[in-house]
Amino acid sequence: METGTISSWKIGAGQSFAAGDVLCEIETDKATIDFEAQDDGIIAKILKEGKDAVDLKVGVPICVVVDDEDDVSSFANYTVEEDKPEASSADSAPNAASVSDESIESTANVSLEHILMPAARHLSQSRGLDATGLKGSGKGGRVTKADVLKALQDGISLPPLSTTSTAVSLEKDSASPSSSAVSAATPSSTPIASPPIAVTPADVVIPTISTSGTFTDVRNNNMRKVIAKRLTESKSTVPHFYATAEIELDNIMTLRKKLKDMEVKVSVNDLIIRASALALRDVPEVNSSFAKGDGVKMSSTIDISVAVATPGGLITPILRNTDQLGLSDISSKVKDLATRARDGKLAPEEYQGGTFCISNLGMFGINEFSAVINPPQAAILAVGGGVKKVIVNTVYNENEKIQEQPCVKNVMSARLSADRRVVDEATAGLFLGALTSYLTKPELLLL
């Protein structure tokens, strides 16, 4: 746990409490837990409450506790001094648009009419700006195209281009007729090109686009934030691969009916959990995790996590030593864990850990899906609902005159998502084969 949110205070300011009393409820990433007092005391002031009590880091003061009731009034106006964030560069830096003239003062060693490089002249004049005052980085202090682009990006205010400033060379030439006559009579002289006329860019009218419909921003709770973070990390760092098996459920349904007549109620999910535990016992490579730098870590116990949907998000309570539990024990424990998970009353040790995970969406009408691995586990089983399908016997026996006829059976899809660093394709096939064997011969689950 790194952060938590105080959902409610059970003891108010000025009220006394004893050791073991619940001071407040703290919402963590997976559940809501009680914060109990270690000693007797009186709450003098509550420091974190409401909007100020969201995503608090571990170690942040949340209240002031005193021993004597007379000391309560002394903390009426008490506040905790928090570290002020450093001033941002945007606040400390001067406004780029109001840069002093010294920043654009030219130190060029060339004449004004040649201060702009051709590309810089074209860029500035096409925007109707006078860039002759910029400090150039080119040879002799000439202004390059990069200097103009940097000035525009930094928000330096450039003066508008005037017609008088673009005709500097013409005025100088007309002021000295003798020099112009000499240059005109000289065959090797280059004629003076007319400067381009400044063009003011046209105003672009951006149309207003009206959108229909409304929306509401819903803030994620701590659980959904952690789920988003961990599953994104899983899909980006764990090499997933998938293997699917179709398993007939007719024998399972027959066994459930017999158990019901004996007043033993078990669900299909309970039978799948039991079959998965036995399959993990037969194929222990799937009941492993990836150890960075040390290869694969094989678990000595089979602890299956069962995905439970809650209003706050998905949580996976754990059935410890699942392979040692009978169907009745599995059924009662799953109901208890699911109920307390929806109420947010699970202890951390009841949902942290696990060696394998099962996610069943059959009760939601989902036929098949692919689940995301929950690290450090190496595999997760995605179970869909039963669907009636026509099963055709593809094995032809030439010694029999009457072949087995097609029939309709209840078929379930079970898709294994596995970490390729731990489980290979052959191992996944062995696990799904063992799972299919146990579910199609459910009497093995009673042993």
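This is a predicted model: local features need pLDDT of at least 70, side-chain atom pairs count only at pLDDT 80 or more; totals for chains, interfaces and linings use all residues.
The volume of the largest cavity is about 40 Å³.

The residues lining the largest cavity are Val306, Val308, Pro317, Leu319, Val334, Leu337 and Ala338. By class, this lining comprises seven nonpolar residues, with no polar and no charged residues. Helix H9, spanning residues 327-342, gives the most to the lining of the largest cavity, contributing three residues.

## Open three-stranded sheet

Strands S2, S5 and S7 form an open sheet in the order S2-S5-S7, and the pairing is antiparallel. The edge strands are S2 (16-17) and S7 (63-66), each of which pairs on one side only.

Strand S5 comprises residues 41-46 and pairs with S7 in the antiparallel sense over four bridges. Within this part of the sheet, Lys45 has Val64 of S7 as its bridge partner.

## Packing of helices H2 and H3

Two packed helices are described by the angle between their axes and by the distance between those axes. For helix H2 (residues 118-126) and helix H3 (residues 145-153), the angle is about 35 degrees and the axes lie 7 Å apart.

On the H2 side, the contact is made by Ala119, Ala120 and Leu123. Helix H3 contributes Lys145, Val148 and Leu149 to this contact. By class, the contact of H2 with H3 has five nonpolar residues, no polar residues and one charged residue; the charged class includes Lys, and Lys145 of H3 takes part in the contact.

Technical notes:
Residues are numbered from 1 along each chain as its sequence is written. Side-chain values use heavy atoms; hydrogens and water are left out. Two strands pair if DSSP finds at least two bridges between them. Helices (H or I, at least four residues) and strands (E, at least two) are DSSP runs, numbered from the N terminus. On a 1 Å grid over the protein atoms alone, a cavity is a set of points where a 1.4 Å probe fits but cannot get out, and a pocket is an open set with protein on both sides within 12 Å along at least five of seven lines; lining residues have an atom within 4 Å of a point. Grid points are joined across faces, edges and corners, and a volume is the space filled by probe spheres set on the points. Axes are lines fitted to C-alpha atoms, for helices over the stretch in contact, and angles run from 0 to 180 degrees between N-to-C directions. Contact means heavy atoms within 4.5 Å.
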